[in-house]
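Student: I am new to this structure. Please show me how to read it, one feature at a time.

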Protein chains: 2
Amino acid sequence: MEEIRLIEVKEEILADNDAAATRTREKLKRDKTFLLNLMSSPGAGKTSLITRAIKEIRNEFRMGVIEADIESMVDSEKVASLGIRAVQIKTGGFCHVDASMVQKGLDALESDTLDLVILENVGNLVCPAEFDTGAIRNAMILSVPEGDDKPLKYPLMFSVCDLVVVNKIDFLEVSDFDRKAFGNRVLSLNSGVRILDVSCKTGEGIPAWADWLREEIRQFAVG
Amino acid sequence: MEEIRLIEVKEEILADNDAAATRTREKLKRDKTFLLNLMSSPGAGKTSLITRAIKEIRNEFRMGVIEADIESMVDSEKVASLGIRAVQIKTGGFCHVDASMVQKGLDALESDTLDLVILENVGNLVCPAEFDTGAIRNAMILSVPEGDDKPLKYPLMFSVCDLVVVNKIDFLEVSDFDRKAFGNRVLSLNSGVRILDVSCKTGEGIPAWADWLREEIRQFAVG
């Protein structure tokens, strides 16, 4: 039998991506531009959470948004209609954005003139967790209707995040979502994570989301 | 409303891939190494068609095989057990191989010492058709149980191939597969394509498959 040579494509691609993400992060530090990578399943409320942030802190920070989507431009149009600089990355079927795509988005935004850029990643709890985007902080949204078992099914996503936003808490009363069990599952994967409860619909918890952003941006700018 | 800058990731990735594929093809021409890219759905018979080719023409040409698979090494082990040089590309979830991955496989095979390399692409009728691998010729297998309507559903795949192999023709009698309608659908997409009917199980049509390979390799070597 001939010896088989094995080539592990994914490991090489991830190594290349990690190097590109490190270059992006170094440039963001030089420019004092805070980049937040926001991830979730489709429909969990990424665009709503971003537009809530825009309304809360747009007078305090120069903001931009990178929207990543497989095909449509709906989300970037919502952001641009608020008068905020927006870039749309159409991934054309790819299930995540990688660091080089994000760097292109930052360049198109002229991010060195901005204090805060929020990246709305592709709606997916698997692949985006594997690809470092170069962001300063990673956040994810888990909406109540998705269920409290998601940390068990997507542990990597919960492990890489600095912030978990529980959205649609207005559904808690009519749902069997066990908020305490969910929190324990998240913390057992990632003891340093912050968990915030919000409803983008009612506005509950939105001031705490804005405060988290303010505090992270200010710490980043001085550090 | 702010103007939205649009970044089309897929077009840029495909343009980069096309450039890499062109470099691979130029090197193959200098080395006189014929690379065949073999595509199909999972289970259509790629590995069987390759092992049939090995048995028919291994004494005439120096051969190697690149096996691309999401996780397993089963196919490359089958090839290596016949004493043929094999490289396994594990894509780790990616749905196709691109030109740079194939070039790594060719390097690992030391393809400049070979007359023929067959690339078994990932089992998928969509993505592999979009990514030029750098191959000299593209072939696909459509097995009878998949149905005669596949050219309507996957037109790009049928359009990019030089050869369509209809495998498992031993099922024709017990199936409602309309071979004539299938042929017309393929030719209406791609009038220059060659269609061969085979059964890897019974061996019917295998000599014509071997003859197609012989003729293509010889024309390439003199041209």
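Tutor: Start with axes: they are lines fitted to C-alpha atoms, for helices over the stretch in contact, and angles run from 0 to 180 degrees between N-to-C directions. Helices (H or I, at least four residues) and strands (E, at least two) are DSSP runs, numbered from the N terminus. This is a predicted model, where local features need pLDDT of at least 70, side-chain atom pairs count only at pLDDT 80 or more, and totals for chains, interfaces and linings use all residues. Residues are numbered from 1 along each chain as its sequence is written, while chains are lettered from A and ligands numbered from 1 in the order in which they are written.

Student: At what angle do helix α2 and helix α3 of chain B pack?

Tutor: α2 (residues 46-57) and α3 (residues 74-81) of chain B pack at about 10°, with axes 11 Å apart. Angles under 35 degrees count as roughly parallel, over 145 as roughly antiparallel, 65 to 115 as roughly perpendicular and the rest as oblique. Therefore α2(B) and α3(B) are roughly parallel to each other.

Student: Which residues of α2(B) and α3(B) meet?

Tutor: Two residues are in contact if their C-beta atoms, placed from the backbone, lie within 7 Å. Thr47(B), Ile50(B) and Thr51(B) of α2(B) meet Asp75(B), Lys78(B) and Val79(B) of α3(B).

Student: Is strand β5 of chain B buried or exposed?

Tutor: A residue is buried if 20 or more other C-beta atoms lie within 10 Å of its own, exposed if 12 or fewer, and partly exposed in between; C-beta atoms are placed from the backbone. In β5(B) (residues 116-120), 5 of the 5 residues are buried, so the strand is largely enclosed by the rest of the structure. In a regular strand the side chains alternate between the two faces of the sheet. Here Leu116(B), Ile118(B) and Glu120(B) are buried on one side, and Val117(B) and Leu119(B) on the other.

Student: Which strands pair with β5(B)?

Tutor: Two strands pair if DSSP finds at least two bridges between them. β2(B) (residues 34-39) runs parallel to β5(B), joined by 5 bridges. β3(B) (residues 63-69) also pairs with β5(B) in the parallel sense, over 5 bridges. Leu119(B) is the bridge partner of Asn37(B) and of Ile66(B).

Student: What is the strand order of the open sheet?

Tutor: Its 8 strands run β1(A)-β4(B)-β3(B)-β5(B)-β2(B)-β6(B)-β7(B)-β8(B), with parallel pairing. The edge strands, β1 (4-8) of chain A and β8 (194-197) of chain B, each pair on one side only.
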